[in-house]
Amino acid sequence: MKDIKIIVAAHKKYDMPDNNLYLPVFVGADGKEDISGYKRDDTGSNISIKNPNFCELTGLYWAWKNVDADYIGLVHYRRHFKGKKCKSKEIKNRVESVLGNKQLEELLNEVDVVLPKKRNYIVENLYDHYGHTTYIEPLDEAGKIIDERYPEYKKEFENLKKRRSAHMFNMLIMKKELLDEYCKWLFDILFELEERTDSTKYNKFHARYIGRVSELLLDVWVNTNNVKYKEVKVLDIEPVNWLKNGMLFINSKFRGKKYEKSL
């Protein structure tokens with residue numbers, strides 16, 4: 001049986017899977033009181049204090065540096081990898097239908113990486129979508145850093161201006177050796193991006209730009225390194241108002257109104 005640990009990034013008490021695969025982690029815990037039953041991301045080697053800009057990545061960093069397992073993953077308290085369908089009478093709440101041990105073992109027998117099903121942006125490419133919904137400058141700066149430090153990744157970064165789909169939410173499950181490689185690359189870029197960008201010019205929502213930039217960098221790394229992966233559908237624990245989300249997108253694309261809260 002594989003040694004797998006999937007951290008669930010959360011900032012508040014929430015229903016968690018009843019499965020030892022999953023480890024609830026309080027992200028942005030620095031200076032705050034404990035959440036009962038949750039690990040804190042301000043222990044050991046950590047960047048918890050950076051959570052307002054790095055979002056769930058403070059949890060990923062903590063897991064990378066402090067969790068001892070052969071495979072490490074990251075999901076969110078309200079977004080999980082979806083397990084195989086159960087009969088409705090067997091499900092008391094949605095969190096019970098998350099990816100389980102048996103299905104994950106089968107996936108990891110074939111590949112070393114599990115990613116969420118790609119999200120498709122039908123009417124525009126990833127770069128344009130980012131620019132319409134939030135401020136483009138941090139993403140452009142990340143491109144400059146890649147050009148300077150990792151030029152072999154530049155082609156895939158430029159492909160953000162062509163591609164219309166991506167593995168989003170920073171959700172992943174990776175063999176530890178691959179996670180080491182990915183995180184060394186990712187956080188080197190993001191720490192430099194932090195140095196070059198003045199987050200104080202953004203409001204609280206847009207100050208989370210580092211977490212958003214990293215979502216697009218995942219496929220830049222995966223595609224450049226020809227990493228083989230399996231996709232699993234995303235399970236939204238809370239209902240999604242697709243009509244409202246659609247109106248927000250229309251306002252951003254055609255009326256120049258940036259997003260002001262998470263969808």
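The model is predicted, with local features needing pLDDT of at least 70 and side-chain atom pairs counting only at pLDDT 80 or more, while totals for chains, interfaces and linings use all residues. Residues are numbered from 1 along each chain as its sequence is written, and side-chain values use heavy atoms, leaving out hydrogens and water.

Start with α5 (residues 137-149) and α8 (residues 209-224), whose axes come within 10 Å and cross at roughly 55 degrees. That angle makes α5 oblique to α8 (under 35 degrees is roughly parallel, over 145 roughly antiparallel, 65 to 115 roughly perpendicular and the rest oblique). On the α5 side, Pro 138, Leu 139, Ala 142 and Ile 146 meet Tyr 209, Val 213, Leu 216 and Leu 217 of α8 (contact means heavy atoms within 4.5 Å). The residues of this contact split into eight nonpolar, no polar and no charged.

Helix α7 (residues 176-196) also packs on α8, with axes that come within 11 Å and cross at roughly 140 degrees; this pair is therefore oblique too. Among the α7 residues meeting α8 are Glu 181, Trp 185 and Glu 194. Here the contact residues divide into 14 nonpolar, one polar and two charged.

As for α4 (residues 126-133), six of its eight residues are buried (under 20% relative accessible area, with exposed over 50% and partly exposed in between, using a 1.4 Å probe and protein chains only). The buried set includes Tyr 127, His 129 and Tyr 130.

Key
Axes fitted to C-alpha atoms, helices over the stretch in contact; angles between N-to-C directions. Helix = DSSP H or I, 4+ residues; strand = E, 2+ residues; numbered from the N terminus. Nonpolar A, V, L, I, M, F, W, Y, C, P; charged D, E, K, R; others polar.
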